[in-house]
Amino acid sequence: TSGTTGSSTGVCLSHHNICSDIYYTCQTVKIYPEDKTLYILPIHHTYECSLDFLLVFSKGGTTTYCDGLTKVQKNMAEYNPSILVVVPALLKVLNKRIKKAIAADCPAKYKPYYENESLASALSKTHFLIRKIICSKVRKTLGGNLRLFIVGAAELDTQLVEDFGALGIRTLQGYGLTECSPLLAGNNDFHLNVASTGEAIPGVELKIDNPNEEGIGEILARGENIMLGYYNDPEATEAVFRDGWFCTGDLGYMSKEGLLYVKGRFKSLLISSDGEKYSPEGIEEALVEKSPYIDQVMLYNNQSAYTTDVVVPNRDQLIRSLKAQNLDLTTEDGRKAALKILDGELNKYKKGGEFEGMFPERWLPSCFAVLAEPFTEQNQMINSTMKMVRGKIEKAYANRIDYLYTAEGKQTFNQQNIDCLK
């Protein structure tokens, strides 16, 4: 397992587990002998190994290897892949680069669209002949043959599906875990609902355990693809099986149409002082997506009176904004102005703010700690599928988090925040 919310654990998957997952996936997602894929994610991950390497091989397709994240565009031009298996973070980066490249090259009258709107929206407002030229150029930079993104490992912004769809590239989101070889459900060639993570693949049963009034509960699964158990850990194995069902540890609900909606993980839940629980992923995603000043953020509440968060700011954007005020980060006034900007971004979700009502106010962070170092694979605060490793972040910044629950630390302009912006 990736160890996102705890220690990494060895998972025993049989040939039958993996082959059944591939067999049933091929019944709903069409893979052809002429398809070619480019490995971007680590091959030792079940997601990459099963749903890229083995899936494409099983249909006689061709597989190629990426030389590294900085070489993706070069490799795509070299190998002309038709399928890419990716995580949402990579799609976001690709989407931003595409929009930036189009804005720099398109006629001036269309430039504001590509700078301020979604790619799909901007393309819809572009003359059809120019749009055709733009789409052709973009697809050429992606190798010329790309037809399908298979996306998993984290929540997918539906806007990305629309944006790449406007370029003629289909995006299918799936849901699964290492313990399930990994795929349990997904959108497919016969049914696409971008707001959901799709329907259970053939051979898999899903149900929601102990749902609340909104129908949200733990996602349980059973099928031929479920693991044999955890390596040398019978106690952990026994703990995740209940009456023959595998307990995923994820929260979600099922629609009347049988579509699965994943809402977060039990182990990453915020827990208030009165015991109420809330999943932080939606808030974190919104803060990063809607603010140019926030690169990374993690919310925290472990039975406390209020929620806090640790923030990795986008220094370049802050510096540009401060420059317009004749300030910079070399002075304390500049650093306080930067903290005021960050505070303003968080307040947009509170009463009277631009995004008021998007989330329950009691779960919005009351204060924040600015971090000097980003979450990276090197410091082990994100894993190779770009997901935050909450336990490591909480441990590394335990003192900063504790400080936020003091009278001094709750103040936006506390000395630790000011010092971290130097």
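Start with how the chain meets itself: in this predicted model, residues 24 or more positions apart make up 61% of the contacts in the protein chain with a separation of 6 or more. The pieces being brought together are 15 helices and 20 strands.

What about the overall shape? The C-alpha trace spans about 60 × 60 × 40 Å along its principal axes.

Now for the inside. Of the 422 residues, 49% count as buried. In soluble globular proteins, nonpolar side chains tend to be buried together. Here the largest nonpolar core has 65 residues, and those with the most contacts inside it are Tyr114, Phe149, Phe164, Leu167 and Leu184. Helix α4, which covers residues 88-105, gives this core its largest share, 6 residues.

Pick out Phe149 and see what surrounds it. Setting aside neighbours within four places in sequence, Phe149 is in contact with Leu84, Val86, Leu91 and Leu94, and also with Phe164, Ile169, Arg170, Thr171 and Leu172.

The protein chain exposes about 20500 Å², and 51% of that comes from carbon and sulfur atoms. As for charge, there are 46 positive and 52 negative side chains, and the centres of these two sets are 7 Å apart.

How values were computed
Residues numbered from 1 in each chain as written. Predicted model: local features only at pLDDT ≥ 70, side-chain atom pairs only at ≥ 80, totals over all residues. Heavy atoms only, no water. Helix = DSSP H or I, 4+ residues; strand = E, 2+ residues; numbered from the N terminus. Buried < 20%, exposed > 50% of the residue type's maximum accessible area, 1.4 Å probe, protein only. Contact = heavy atoms within 4.5 Å. Areas by Shrake-Rupley, 256 points an atom, 1.4 Å probe, with all protein chains shown as cover. Lys, Arg positive; Asp, Glu negative; His and termini not counted. Charge placed at Lys NZ, Arg CZ, Asp CG, Glu CD. Core = buried A, V, L, I, M, F, W, Y, C linked by side-chain atoms within 4.5 Å.
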